[in-house]
Amino acid sequence: MADSPTPMMQQYLALKREAGDALLFYRMGDFFELFFDDARVAAQVLDIALTTRGEHCGEPVPMCGVPVHAAEGYLARLIKGGCRVAIAEQTETPDEAKERTKREGKPVSKALVSRDIVRFVTAGTLTEEALLEPRRANLLVAVAPVRDGVGLASCDISTGRMELEDCAADRLDAALARLGASEVVGPDDWDDAPADVIARPRPDFRSEDGEARLKDIHSLATLDGLGDFSRPMLAAAAGLIAYLDHAGRGQLPFLLPPVARGSEAHLAMDAATRSSLEILAAQNGGRDGSLVACVDRCATGAGARQLAEDLSAPLADRLAIEHRLASVRHFHDDPLLRGDIRAVLRQAPDIGRALGRIVAGRGSPRDLGQIRDGLGEARRLRGMLSAGVDLPPLLAQAVERLGGHGALTDHLDRALVPSPPTERGQGGFIAAGYDHALDALRETSGNARKAIAALEAKYREETGTPSLKIKHNKVLGYFIEVPAKHGDKLMAADSGFTHRQTMAGAVRFNSVGLHEEASRIAEAGAHALAAEDSHFETLVGEVVACREAIAATAAALARIDVSAALAERAAEGDWCQPDMLDEPCLEVVAGRHPVVEQALIKTGDRFRSNDCSVGFSERLWLIGGPNMGGKSTFLRQNALILLLAQAGSFVPATSAKVGIADRLFSRVGASDNLARGRSTFMVEMVETAAILSQATDRSFVILDEVGRGTSTYDGMALAWAVVEAVHEQLKCRCLFATHYHELSRLAETCDALSLHHVRAREWKGDLVLLHELARGAADRSYGLSVAKLAGVPPPVIKRAKAVLDRLEKGRAETGGLAAGLGDLPLFAATAQAEDEKCDTLRDALEALDIDSLSPREALHELYRLKAEASKSNY
């Protein structure tokens with residue numbers, strides 16, 4: 001390329017300006033090409049060769065490309081690599097470009113195919129089956145700060161589901177952690193925007209625009225029938241729709257009517273709690289080892305996505321929880337029905353995502369086939385479930401939404417072949433007998449081989465040339481070929497053959513008969529493809545017209561799948577149905593940690609269950625004992641039992657009474673957050689501060705080893721104060737594990753505090769961990785025994801024991817580490833004393849009569865006040 005950009009490069013650069021920070025896939029024939037920095041980035045992410053093409057501004061142009069037929073796989077890798085991609089397609093054929101150029105009075109040799117960006121492919125706007133994880137929702141979230149609140153609009157465009165909510169600014173992080181969005185967009189003038197937010201123009205986030213767009217999309221005069229939407233919600237909806245409009249270049253994806261999510265309807269959990277409890281992902285970031293992986297027995301991808309949502313946002317309404325539990329109980333008590341239902345569900349395609357592709361204009365014949373098959377399985381399920389009696393309310397509602405598609409299903413059944421292809425361009429998806437005219441065209445096109453063979457035999461006989469053949473290629477179409485030695489015979493003027501091409505050793509001809517036959521075949525094939533395409537559009541139109549009812553059926557299938565899967569998991573693990581109560585309690589008999597128990601079963605070991613009884617009279621448990629004794633496991637298992645119960649699942653226990661919590665907090669374990677400049681101790685304190693400022697008396701809190709990240713005295717002081725704050729101020733249910741067994745003295749002043757410990761025994765010099773919880777304070781920490789178990793060399797253990805003996809002797813002589821703490825007032829009293837401390841400087845200033853002071857006296861008073869401030873450490 002010369003210094004003056006060629007027309008093609010000018011076109012590319014103009015499209016790249018539109019693409020912005022997205023990589024530009026520039027269509028050139030059978031390849032998508034990338035140039036300049038886009039090529040460098042793509043080559044590194046995709047691990048493909050980086051080449052050059054010509055020059056631009058005197059420098060070689062970096063270039064790489066991917067085949068169009070394999071583009072989806074490369075797109076998936078780019079999206080996972082954090083890239084956004086703009087797809088620039090050819091919007092006309094080369095022949096159309098030549099005709100246009102000719103009309104413009106330009107040389108045909110300079111014809112350039114028009115191209116335009118048809119779509120932006122981003123992490124939150126995927127609909128392609130190959131780019132999506134079947135068992136994980138793919139959410140796009142728009143966030144709009146409005147005054148003191150923040151609106152959130154979330155949608156999964158692969159299924160069309162859309163939810164609106166608002167929250168206080170200080171709870172935004174928890175809301176985003178719950179949603180787990182693939183992509184988040186927000187206004188470009190937001191100074192306090194969360195990390196990784198994609199900035200969009202502020203005018204896109206006008207609440208009045210959001211209301212207008214929603215009315216227009218769903219053909220409504222008012223939104224009142226959909227719910228009560230606040231201005232922040234509508235502002236976020238405006239931003240979401242504007243971004244989808246931008247990504248689709250004016251083509252909006254499938255969007256169901258929005259649902260308003262109440263902020264008090266779900267158990268609130270912050271990001272730290274979700275991480276420590278490993279709800280949707282384990283500490284390594286993978287699904288294996290997480291709660292959802294342990295619980296998931298769903299037969300469908302849609303059910304798995306619904307289960308993940310249920311676990312991520314447990315309910316806080318007792319009636320709604322009990323409806324879910326009743327559905328699980330229905331399948332749990334009828335294993336034969338459960339098995340039959342799950343067998344049918346395994347055959348059901350993902351009609352929610354197939355519908356999303358169809359409505360977005362990216363559907364295929366295979367998607368129509370999935371809609372047909374999925375609705376057919378829904379009809380079978382409805383018959384099976386309707387035959388039963390006393391269906392729980394939630395299942396009864398789901399069964400109602402499974403029907404009503406008989407006419408559409410029958411039509412698709414007649415119209416489509418049993419296994420439609422993924423591409424519509426080659427035809428072959430409309431069933432025989434559906435359209436008699438199409439059948440005739442197919443017969444004409446399908447009989448081409450016979451017709452050509454008959455014509456070939458005729459020409460051989462007429463010319464006396466047994467080696468004559470009729471062949472076909474993409475350039476010449478059908479042609480007659482004979483060896484060179486027979487060419488003269490067909491060259492004769494009266495032979496009826498027209499010379500087309502001379503090859504080395506062969507001569508090619510055409511004839512009027514062959515031309516007519518080829519035209520008839522090509523015309524029939526083209527008409528057949530056009531007829532199939534027309535039928536495809538008609539069928540798509542029928543599906544789109546029923547989109548909301550089909551989406552409701554997809555949601556019902558997912559809910560039935562979750563209920564049956566949870567029943568399967570409960571039967572498999574001998575889980576019990578929890579009793580849900582409004583009073584703040586947690587009474588668990590023989591509770592187990594579901595993930596740890598499953599891991600132990602695989603190794604042939606047995607999990608040691610434990611009871612937990614936290615209520616009004618004993619709302620705070622202080623748990624001591626050695627490392628590896630099971631304290632952290634006990635804390636987590638009870639938090640998970642509460643979470644599972646409020647999600648509508650049976651729980652791993654013999655019996656359980658669960659008082660519904662409004663918030664769940666977990667401060668278990670921590671690590672350095674170097675990216676944000678925070679040490680382990682800082683992370684611990686930030687998480688502890690969030691609990692102390694946000695928990696209520698209806699919350700459930702687990703705290704593990706608060707204060708261990710600093711010196712012994714600082715750590716114990718902090719732990720002591722936190723225990724008092726939880727007991728006296730928050731008054732919530734709390735399990736507090738600690739190595740500071742000096743904290744047991746708090747039982748003397750905190751009447752709702754109960755002492756417990758994990759049991760351990762020393763046998764012949766070795767530590768035996770019993771993983772059993774017992775009432776009473778821990779007598780010691782067994783730290784040296786645990787170190788010995790870990791393989792610390794004997795000389796080090798011996799030396800540590802000598803140091804420990806000296807320290808314990810000193811502690812005994814001075815009254816112990818916690819000596820004198822019993823005389824301290826409780827946390828609330830201390831805080832009140834701090835508040836009541838008098839401000840002597842303020843009193844002195846207020847006593848001054850400034851107008852009566854001479855300059856010298858005023859200077860004297862200033863020096864005096866400065867000296868007093870210095871003495872008071874202000």
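## A loop residue

Glu 133 lies in the loop that runs between strand S6 (115-121) and strand S7 (140-146). The model described here is predicted.

Gly 403 is 270 residues from Glu 133 along the chain, and the C-alpha atoms of Glu 133 and Gly 403 are 28 Å apart.

## Two helices side by side

Two packed helices are described by the angle between their axes and by the distance between those axes. For helix H12 (residues 335-347) and helix H14 (residues 365-386), the axes come within 9 Å and cross at roughly 170°. H12 is therefore roughly antiparallel to H14, because angles over 145 degrees are placed in that class.

Which residues of H12 and H14 meet? From H12 come Leu 337, Asp 340, Ile 341, Val 344, Leu 345 and Gln 347. On the side of H14 they meet Glu 377, Arg 380, Leu 381, Met 384 and Leu 385. By type, the residues of this contact are seven nonpolar, one polar and three charged.

## Aromatic pairs

How many aromatic pairs does the structure hold? There are eight aromatic pairs. A pair of aromatic rings is described by the distance between the centres and the angle between the planes.

One of the pairs is formed by Tyr 26 and Phe 35, with 6.2 Å from centre to centre and 65° between the planes, an edge-to-face arrangement. Tyr 26 and Phe 35 are both buried. These two residues also belong to one aromatic cluster, together with Tyr 12 and Phe 36.

## A pair across the chain

Tyr 459 and Phe 497 form another edge-to-face pair, with the centres 5.1 Å apart and 75° between the planes. This pair links distant parts of the chain: Tyr 459 is in helix H18 (residues 448-463), while Phe 497 is in strand S15 (residues 497-503), 38 residues apart.

Are Tyr 459 and Phe 497 buried or exposed? Tyr 459 has a relative accessibility of 6% and therefore counts as buried. Phe 497 has a relative accessible area of 12%, so Phe 497 is buried. The cut-off used for both is 20% relative accessible area.

## A charge over a ring

Arg 27 and Phe 32 show another kind of arrangement, in which a charged end sits over a ring. The charged end of Arg 27 is 5.7 Å from the centre of the ring of Phe 32.

Methods: Residues are numbered from 1 along each chain as its sequence is written. This is a predicted model: local features need pLDDT of at least 70, side-chain atom pairs count only at pLDDT 80 or more; totals for chains, interfaces and linings use all residues. Side-chain values use heavy atoms; hydrogens and water are left out. Axes are lines fitted to C-alpha atoms, for helices over the stretch in contact, and angles run from 0 to 180 degrees between N-to-C directions. Helices (H or I, at least four residues) and strands (E, at least two) are DSSP runs, numbered from the N terminus. Angles under 35 degrees count as roughly parallel, over 145 as roughly antiparallel, 65 to 115 as roughly perpendicular and the rest as oblique. Contact means heavy atoms within 4.5 Å. Ala, Val, Leu, Ile, Met, Phe, Trp, Tyr, Cys and Pro count as nonpolar, Asp, Glu, Lys and Arg as charged, and the others, Gly among them, as polar. Rings of Phe, Tyr and Trp (its six-membered ring) pair if their centres lie within 6.5 Å; planes under 30 degrees apart count as stacked, over 60 as edge-to-face and the rest as tilted. Buried means under 20% relative accessible area, exposed over 50%, partly exposed in between (1.4 Å probe, protein chains only). A charge sits over a ring if NZ of Lys or CZ of Arg is within 6 Å of the ring centre and within 35 degrees of the ring normal.
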